[in-house]
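Me: I have a structure open and have not looked at it before. Can we go through it together?
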Amino acid sequence: MYSKTHLLAGFFVCVTLVIILLFADHYASLNLPEGMLVPLRWLPVLILFLYALRSKSLTTWIFFAMLAGGEFGHDFPSLATNMDVLSLIFLRLIKTIIAPLLFGTLVVGIAGHSDLKQTGRLGWKSILYFELVTTIALFLGLAAINISRAGVGLVLPESADIKDLTGPAHQGWKDIILHIFPENIAKSIAGAEILQIVVFSILFGIAMVMVAEKYRMPMLTFARSLSEVMFKFTKIIMYFAPVAVFASIAFIVGHMGIVVIISLLKLLGTLYIALLAFMLFVLLPVCLLAKIPVRGFIRAITEPATIAFATTSSEAALPLAMQKMEEFGVPQKIVSFVLPLGYTFNLDGTTLYLSLASVFVAQASGIDMPFGTQLLMLLTLMLTSKGVAGVSRASLVILLGTVSSFGLSTLPVFLILGVDALMDMGRTATNVIGNSLASVVIARWEKEFDSEKAGRMSMVKKAESLYD
């Protein structure tokens, strides 16, 4: 029985061999028979299938589904063009999550932190910092995708999802403002008006903080229970994600050909360049302005960020991040407050990704979205991205809800899902780095950061590296 390492090595060897043969066949005119190329192309798919069986990882299954769907769509286009019904089933299930998940998480995020009154100055400083940095991240993502234009040039196939698709209707400033506020919450939920749901949830959470504890606690318990149930609900639906990805990629490739992969690679490259720019031009200047030892902070955050990158889970890195920040000189009372709060309000990598992906969907849909509409979309994302860090692929839920509420095609979202695991690594690591830095900034702002402790930790790390 082959190990996972052997299977993974065999996969990369087969992929390399197939690429070499395809290039040689195309550019050197080898004229290899199709009967030879087809089995060769399916061999790495089979190996990845065996690897997925051994690893039992949803991410691995999604990778397999993307590769198998692309090959199936290329080899059997007549069958693939009828498979979009599976991806549409997945879309409908995801849409059922949006309203209850947003309501539960936002209400808990507001009413559950009613102790911000007691923490006073620490609370408003944290929120102010979080909103400033995540807003910058949103604009950076918007700028990156408008520069790279990764979605431009895609010609989506006709389907039930995108027929009669038009751009967002022109609205005056009064219409835009009125559209933010709900007149009937049931109507807002039925119409997938995500921003209106958010406004209702925020006001509901504020009202809960203002009532007596005997009235607040039952509703808070209900909101927490609703959030937990919806997290599990989402987890169940995500088991269907590989099937949806296979069907969607097969459907798209069957209609458009393998050229669609180029746009996905451009999107992936755009995200990582934008995340790198965010670290260099936002987080690094914040370190310098707050007079935080940059090298020491990098040493402190490397391990938690690596765990977040490898597991695509911010929660997996949280305990170690808290420990490292305390060792770095941040008081325990600030770490225990800022880091968990940041997991609700300070998702730098996720917010950057969402603004980038939303405009990519508009570009792929062939819609020239005005800058004013893009700003409104940013406002929607700034609010809806709060409080959903605890659920796997939560960004998919937010992205689908946002593009639906702006009248965009949801079909490109399934293309994004094909590379979402790779994108999730970068944005999750960025979330952990941003939250950890926030705890240091707030400690410095409160004049409680222990610079000597940070210096000692840096010297210890340096000594350890010299000893090794």
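Me: How much of the protein counts as buried?
Reply: Of its 468 residues, 51% are buried, meaning under 20% relative accessible area, with exposed being over 50% and partly exposed in between (1.4 Å probe, protein chains only). This is a predicted model, in which local features need pLDDT of at least 70, side-chain atom pairs count only at pLDDT 80 or more, and totals for chains, interfaces and linings use all residues. Residues are numbered from 1 along each chain as its sequence is written, and side-chain values use heavy atoms, leaving out hydrogens and water.

Me: How many helices and strands are there?
Reply: The protein has 22 helices and zero strands. Helices (H or I, at least four residues) and strands (E, at least two) are DSSP runs, numbered from the N terminus.

Me: What is the mean pLDDT?
Reply: The mean is 77, and 79% of the residues reach 70 or more. pLDDT is the predictor's confidence in each residue, from 0 to 100.

Me: Which elements have the lowest and highest means?
Reply: Helix α6 (residues 116–119) has the lowest, 49, and helix α13 (residues 260–289) the highest, 90. Over residues 160–170 the pLDDT is below 50, yet this stretch has 22 contacts beyond near neighbours in sequence; a contact means heavy atoms within 4.5 Å. Residues 463–468 also stay under 50, and there the model has zero contacts beyond four places in sequence.

Me: New topic. Is α17 mostly covered or open?
Reply: Mostly covered: 17 of its 17 residues are buried.

Me: What span should α17 have, and how far apart are its ends?
Reply: Helix α17 (residues 348–364) has 17 residues, so at 1.5 Å a residue it should span 24 Å, and its end C-alpha atoms are 24 Å apart, which agrees. The expected span is 1.5 Å times one less than the number of residues. Just after α17, G366 takes a positive phi of about 75°.

Me: And N82, where does it lie?
Reply: N82 is in the loop between α4 (77–80) and α5 (84–111). N82 counts as exposed because its relative accessibility is 58%.

Me: How far is N82 from F251?
Reply: They are 169 residues apart in sequence and 7.0 Å apart in space, C-alpha to C-alpha.

Me: Last one. Where is L53, and is it buried or partly exposed?
Reply: L53 is found in helix α2 (residues 34–55). With a relative accessible area of 41%, L53 is partly exposed.
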